[in-house]
Amino acid sequence: MTAVNLAAGAVVIAAAVALVLSGVLGTAASQFVADLTGVLAAVAAATTFAWTGWRRTGDERRWRWLMASALACFATAHALWTWYRSIDPMTFPNAANALYLGLPLFSFLALLVLTKKDRGAVEEHEVVPSHVVVVLDGLIIAGSVLALSWKIAYSVVRQADTARAGRLLVVASYTLADLVLITIVVLFAIALYGTLRFPLVWLVAGLVAIDVSDSVYLYNIANYSTPPLVADVGYMVGPVLLLLAAPSRNRRVSHPVPRTPLLFVPYIPFAVVCGWTLFTTISTGDPHVGEVYALIGVVALVVVRQLITLRQLYAARRQLSYQANHDPLTGASTRNVLLLRLDKAMSQDQQPRRLGLLYADLDHFKEINDVLGHEAGDTVLRTVVARVRACIRRTDTLARMGGDEFVILLDPAPENPQEFSRRIQEAFDGPVRLNDSSCTVSASLGYVGLNNNDSPDEALARADEAMYHAKAAGRNGMIIDP
């Protein structure tokens, strides 16, 4: 959609809004113009999302087509609303009531797809709440608002007749659903970007416009009054604001944004609800059952949120622990882990047992990197580590010391070090398949048996020396010092 088309559409909508608010056409005609404008705006928005989605692929297409579905539901519902209000007496409930809820539902699904790529692009060390946690936060905030307004809402519904009470609940469902979605969009925006960014700003603006109109209708139904013409402006302008999100692209911020405060946002309204319930209980001595149920619902959401957050923190802790203790390329243990386990195994507090160290160094590995490239060298390292790991026991530790050097702590030492070292050397010696070729590698090994008089550094030094003797003897050999 070109800027000229957007400008022309904006002028048309502005003219329609001015015509409706002027009242020169009379109430019935102005309502019909407002309703028809809302339908046409929603159709135009749905068509724009569908067309822009067709020209893209992947998630960029999917979220736009989901928004096209959301606006198609709104357009159909508003067309039925126009028919009921202008031509045929309105029946309740009707198809429009269900179709209106399609807007927040499909918009929510579009939001999940829209933010998926950006969430995956966030740096691993940054704290970003998961989609489930953000959705729960939105429900907690909206549930808190519902709990705070329960007494007012209940008194209005209780005094209403059955038909009006039903309409109140239906319109309230639109208002609440839009409020939850707006809250979730804002929370996602803060979590990913630290602020509202396009196209999320247009999604929020459009949903707010529609939610304002829903709120005005809810207020007037509750007060037995006729909604003013201004109540329809949100339905006219909202789809156009949503339409502006179709061609826009989200841009990631280049600098980190503080996200930790976001983790505490839902607790603010939750604390207010708890304080308000306590105050009403003390002042009246008998809290309303609806307030209690609403508070129980919010507490349940908070508990679920906490359980999910704790599970994610536990998984993150395990991941960080693994990353700190393992080589990122091969998955072998790090030098620090080897030294800690070696020190523990050789400490006097442990039951005396025979230990062994095998030091391995790949032969001519630099030539592999220089001739075949570093990617081929990485493939070789990953392959030989996987083979060696298959040859050792669960009580043994395979560590990468750096570059092409590896050490195996044998706990306890094998009964036949010569046979064990031969199996390890065969694991190194096998050909390694690359993308369109293969290469043959070999390794020089040095094995030493350890005693209680060794320190970890001395033990490594002796194994390293044995390996260098094997390399000096012609490579692809082994020195055994049991």
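In this predicted model, Ala79 is partly exposed, its relative accessible area being 35%. Ala79 belongs to helix 3 (residues 58-86), and its C-alpha atom is separated by 7.4 Å from that of Leu36, which is 43 residues away along the chain.

The structure contains 10 salt bridges. Three of them are listed below.

| Salt bridge | N to O distance |
|---|---|
| Arg305 and Asp137 | 2.2 Å |
| Glu419 and Arg422 | 2.4 Å |
| Lys471 and Asp363 | 3.0 Å |

Arg305 is located in helix 12 (residues 289-325) and Asp137 in helix 6 (residues 131-148), so this pair ties together parts 168 residues apart in sequence. Arg305 is buried at a relative accessible area of 2%, and Asp137 is likewise buried at 2%.

Lys471, in helix 17 (residues 456-472), is 108 residues apart from Asp363, which lies in the loop between strand 1 (355-362) and helix 14. Lys471 counts as buried at 14% relative accessibility, and Asp363 is buried at 4%. Together with Asp361, these two residues are linked in a network of salt bridges.

Glu419 and Arg422 both lie in helix 16 (residues 417-429), 3 residues apart, or about one turn of the helix. Glu419 is partly exposed at 30%, as is Arg422 at 34%.

The axes of helix 14 (residues 365-372) and helix 15 (residues 374-391) come within 6 Å and cross at roughly 140°, which makes helix 14 oblique to helix 15. Phe365, Ile368, Asn369 and Leu372 of helix 14 contact His374, Ala376, Gly377, Val380 and Leu381 of helix 15. The residues of this contact comprise 6 nonpolar, 3 polar and no charged.

Methods. Residues numbered from 1 in each chain as written. Predicted model: local features only at pLDDT ≥ 70, side-chain atom pairs only at ≥ 80, totals over all residues. Heavy atoms only, no water. Helix = DSSP H or I, 4+ residues; strand = E, 2+ residues; numbered from the N terminus. Buried < 20%, exposed > 50% of the residue type's maximum accessible area, 1.4 Å probe, protein only. Axes fitted to C-alpha atoms, helices over the stretch in contact; angles between N-to-C directions. Parallel < 35°, antiparallel > 145°, perpendicular 65-115°, else oblique. Contact = heavy atoms within 4.5 Å. Nonpolar A, V, L, I, M, F, W, Y, C, P; charged D, E, K, R; others polar. Salt bridge = Lys/Arg side-chain N within 4 Å of Asp/Glu carboxyl O.
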